[in-house]
Amino acid sequence: MSLYATLEDAIEAAREEFIESAEGGNDEEPPVPQQFNLQKYVMLDGDTMWQAEFFEQEGESVECLTLRSGAAAQAIFDGDYDEVEISAEWIEENTLHEWEEGDFQLDPPLDTEEGQTAADEWDER
């Protein structure tokens, strides 16, 4: 699992990984991504990290939630996206919080100040 500090870095890494995996095929035409997946992580230290994935077929998922498909996924692949818009559309209930190193859950841990603050904010919604 590769996590990135910015959404832009996560998308760029996903783009490069998609291109590299496509180069293994024998097709003359480069593959077109039909699905874009994204996952947001809140680390123990409070930092936010992102993971992104592109897939040739819709309905595929490894570790992330499907965010865009079809032409919208292609637009993100081509760099035609608004990072602020994607961040604003992210559903906070889908954010994973680190409880222990490498262990992520949907709810923040309550035994840290960051976790308690996040839980308090969650309860206020």
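Two strands pair if DSSP finds at least two bridges between them. Helices (H or I, at least four residues) and strands (E, at least two) are DSSP runs, numbered from the N terminus. This is a predicted model, in which local features need pLDDT of at least 70, side-chain atom pairs count only at pLDDT 80 or more, and totals for chains, interfaces and linings use all residues. Residues are numbered from 1 along each chain as its sequence is written, and side-chain values use heavy atoms, with hydrogens and water left out.

**View 1. The protein chain holds four helices and five strands.** From the N terminus on, the order of elements is α-β-β-β-α-α-β-β-α. The protein chain has 125 residues, and 33% of them count as buried. Buried means under 20% relative accessible area, exposed over 50%, and partly exposed in between (1.4 Å probe, protein chains only). A contact means heavy atoms within 4.5 Å. Among contacts with a separation of 6 or more, 58% join residues 24 or more positions apart.

**View 2. Strand β4 pairs with β1 and with β5.** β4 covers residues 96-100 and runs parallel to β1, over two bridges. Tyr-41 has Leu-96 in β4 as its bridge partner. The pairing of β4 and β5 is antiparallel, over three bridges. Here Glu-100 has Asp-103 in β5 as its bridge partner. The hairpin of β4 and β5 has two residues between the strands. In this hairpin, Gly-102 takes a positive phi near 85 degrees.

**View 3. Phe-36 and Phe-54 form one of six aromatic pairs.** Rings of Phe, Tyr and Trp (its six-membered ring) pair if their centres lie within 6.5 Å; planes under 30 degrees apart count as stacked, over 60 as edge-to-face and the rest as tilted. The centres of Phe-36 and Phe-54 are 5.0 Å apart and the planes stand at 40 degrees, so this pair is tilted. Phe-36 lies in β1 (residues 35-42) and Phe-54 in β2 (residues 48-55), 18 residues apart. Both Phe-36 and Phe-54 are buried. Ring pairs link Phe-18, Phe-36, Phe-54 and Phe-77 into a cluster.

**View 4. Tyr-41 meets Phe-104 edge-to-face.** The ring centres lie 4.8 Å apart, with the planes at 70 degrees. Tyr-41 lies in β1 and Phe-104 in β5 (residues 103-105), so the pair ties together parts that are 63 residues apart in sequence. Tyr-41 is buried, at 2% relative accessibility. Phe-104 is buried too, with a relative accessible area of 17%.

**View 5. Arg-15 lies over the face of Phe-77.** The distance to the ring centre is 5.9 Å. A charge sits over a ring if NZ of Lys or CZ of Arg is within 6 Å of the ring centre and within 35 degrees of the ring normal.

**View 6. The largest nonpolar core has 15 residues.** A nonpolar core is a set of buried Ala, Val, Leu, Ile, Met, Phe, Trp, Tyr and Cys residues joined through side-chain atoms within 4.5 Å. Ile-11, Phe-36, Leu-38, Ala-52 and Phe-54 have the most contacts inside the largest core. The elements that give two or more residues to this core are α1 (7-23), β1, β2 and α2 (71-77). The largest share, five residues, comes from α1. Not counting residues up to four places away in sequence, Ala-52 touches several residues, including Ala-10, Ile-11, Ala-14 and Cys-64. A second, separate core has five residues, among them Tyr-41, Met-43, Leu-96 and Phe-104.
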